[in-house]
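This briefing is meant to be read beside the sequence and the structure.

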Amino acid sequence: MTDDEATAAAVTDGTTTDGTTTDDAVADDAVISLLVVDDHPVVRDGLRGMFESAPGFRVLGEAAGGAEALQRAAAFDPDVILMDLRMPGGSGVDAIRELTRRGARAKVLVLTTYDTDSDTLPAIEAGATGYLLKDAPRDDLFTAVRAAAQGRTVLSPAVASRLVSAVRAPRTPGGEPLSAREREVLALVARGTSNKEIARELFISEATVKTHLTHLYAKLGVNDRAAAVATAYDRGILG
């Protein structure tokens, strides 16, 4: 098994996530420039030290949140951005979405501890080139950054498995599937979790929880929590 196969469960050869070809990507023997985005200084220091001690990489700068990442990306124009997701200084997903909107040259490789559907799917949909977990071995991370710089999509096996499961998830009779977040909210509702507790666990507001509930009620054709849970079990959406 090659390094790429060990690192990723899914790698595309000719086309990036934004539709461009790898002809515009970084060459194999080029030095890859990076921007490290994470709200924890210790993590940023560790990643900087790791990459600066390895040949073929150059860390141009760091950012502690999504908003700062956008500023630094515009200033430094890195080849690859290592992006955490949940940060008090602006979410990684919002930053990825804005980078995509701006047509930024940098490839975004998500590096986070979170692998739930509510994290992975929005990040990929926003335009991330790859998604790795922070427990990835050092050499696998190097391989993934090189692949991302070349425009290849890299997913950790755990994340690839979740994406496949999400694609195969049962759809509602009307043909409109529940979103990843809606399924996550519904699963918590099924456990008897209150709106306040759901908001705290998912790092969202109670108003957002209520919005998700309204949407999933409409998709399931129900009017309350109990009916939503019963219908979801009946249709195989839950367990």
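The confidence score used here, pLDDT, is the predictor's confidence in each residue, on a scale from 0 to 100. The model is a predicted one, and its protein chain averages a pLDDT of 84, with 82% of the residues scoring at least 70.

**Confidence**

- Over residues 1-23 the pLDDT stays under 50, although the model has 44 contacts beyond four places in sequence for this stretch.
- Where pLDDT is low, the predicted coordinates should not be read in detail.

**The chain as a whole**

- The protein chain has 239 residues, of which 47% count as buried, and its secondary structure consists of 11 helices and six strands.
- Among the contacts in the protein chain with a separation of 6 or more, 66% are between residues 24 or more positions apart.
- The accessible surface of the protein chain is about 11600 Å², and carbon and sulfur atoms contribute 51% of that area.

**Aromatic side chains**

- The protein chain holds three aromatic pairs, one of which is formed by F51 and F142, arranged edge-to-face with 5.2 Å from centre to centre and 65° between the planes.
- Because F51 belongs to helix α2 (residues 41-52) and F142 to helix α6 (residues 138-149), this pair ties together parts that are 91 residues apart in sequence.
- F51 has a relative accessibility of 0% and counts as buried, and F142, with a relative accessible area of 6%, is buried as well.
- F51 and F142 also belong, together with F57, to one aromatic cluster.
- Elsewhere, R86 lies over the face of Y114, at 3.7 Å from the ring centre.

**Helix α11**

- Which residues of helix α11 (residues 225-234) are buried? They include A228, V229, T231 and A232.
- Viewed down the axis of α11, the buried residues fall within an arc of 165°, and they therefore line one face of the helix.
- An α-helix has 3.6 residues a turn, so residues three or four places apart point the same way.
- A226 and D234, on the other side of α11, are exposed.
- The cover over the buried residues of α11 includes helices α8 (180-190) and α10 (206-220).

How values were computed: Residues are numbered from 1 along each chain as its sequence is written. This is a predicted model: local features need pLDDT of at least 70, side-chain atom pairs count only at pLDDT 80 or more; totals for chains, interfaces and linings use all residues. Side-chain values use heavy atoms; hydrogens and water are left out. Contact means heavy atoms within 4.5 Å. Helices (H or I, at least four residues) and strands (E, at least two) are DSSP runs, numbered from the N terminus. Buried means under 20% relative accessible area, exposed over 50%, partly exposed in between (1.4 Å probe, protein chains only). Accessible areas come from the Shrake-Rupley method with a 1.4 Å probe; for residues, only the protein chains shown count as cover. Rings of Phe, Tyr and Trp (its six-membered ring) pair if their centres lie within 6.5 Å; planes under 30 degrees apart count as stacked, over 60 as edge-to-face and the rest as tilted. A charge sits over a ring if NZ of Lys or CZ of Arg is within 6 Å of the ring centre and within 35 degrees of the ring normal. The arc is that of the directions from the helix axis to the C-beta atoms.
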